[in-house]
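Please view the structure before reading on.

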Amino acid sequence: MDLMFHVYSKGENVLFHDRLDYIYFHNKIAIASASFKLKIWAFTIMSTHFHAIIEATDETDILRFQSKIKQAYALHYNHKYDFSLRNNKALKISHNIIKNTNELKNKILYVLRNSTHHYVTTLPFQYEFCSAHSLFANEITSNTIIQQYNNGHKKPKDLTYRKRRTIFGKNSVQNQYEIDSNGMITFDSIINAKRVRAIWDGNVKKFMYDINSSITDANAAHIDWDMLDLRASSMSDMDVCQIIDNYSQTFGCKSLHKLNEEQKEIIVKYLIKRMVSIEQIKRCLWL
């Protein structure tokens, strides 16, 4: 095994407004990891940040990986929302070296449970942008559902040139990847699932016990900055962002970043009537 790293970003504002933003960033993680010959063991993308466990031969490659995905998403965000993330603290990516096997196991669990840690889902497997469901899929999911899921997959070579550019930009994409019906590279194509399962001796019962455990992760895994409450009571961050984007277009603005204070106040009042919490409004509206 090479060096293991916990790569993560910090931020309190929503970076991924809609499903296409999540998919774009997800695909960039996959492409960048292949470019630098990194092996991803687990990752989760939340609305304000992401976590990944990555194996690399050298820490320099991790730094290059971080720079590449930050630059790629900053360009995407600037083009789509007319707002620069380059020198903005909303997308600050860091990493820590994982020192031993016990810490590696706990970090993987922490990453996979991030959506439940933030009260967004009840189970990690329910969260679309988390690799948890790719590890023991055959043991957890029925063959019929797996077959239906796989039937919608395509290889990059099967896509039109325009579709490839939409999904991957100018990046070349290896054909071992599979793309689902939403244009997202499948977790099965990215995750080093065999090595991750080996941590639990390939035993799904051991894995399910650990991932559903409510015990606080060891080694201070509950990092201070990651205690932000992202719970979604009636609407997810994506739902709230959709409302904000609709209002922005009504006001003739390209994005929320172009709204004036009076326009923001109108949106805030509407969201409060919809029972959206102040905390959720602040992070979605960048207040």
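Predicted model: local features only at pLDDT ≥ 70, side-chain atom pairs only at ≥ 80, totals over all residues.

Residues are numbered from 1 along each chain as its sequence is written, and side-chain values use heavy atoms, with hydrogens and water left out.

**Aromatic pairs**

- Rings of Phe, Tyr and Trp (its six-membered ring) pair if their centres lie within 6.5 Å; planes under 30 degrees apart count as stacked, over 60 as edge-to-face and the rest as tilted.
- The count under this rule is 19 aromatic pairs.
- Phenylalanine 16 and phenylalanine 25 form a tilted pair, because their ring centres are 5.0 Å apart and their planes are at 45°.
- Both phenylalanine 16 and phenylalanine 25 are buried (under 20% relative accessible area, 1.4 Å probe, protein chains only; exposed is over 50%, partly exposed in between).
- Ring pairs link a cluster that includes Phe16, Phe25, Tyr77, Tyr81 and Trp286.

**Helices H1 and H2**

- Helices are DSSP runs (H or I, at least four residues), numbered from the N terminus.
- The axes of H1 (residues 19-35) and H2 come within 9 Å and cross at roughly 150°; axes are lines fitted to C-alpha atoms over the stretch in contact, with angles from 0 to 180 degrees between N-to-C directions.
- H1 and H2 are therefore roughly antiparallel to each other (angles over 145 degrees).

Note on methods:
Helix = DSSP H or I, 4+ residues; strand = E, 2+ residues; numbered from the N terminus. Parallel < 35°, antiparallel > 145°, perpendicular 65-115°, else oblique.
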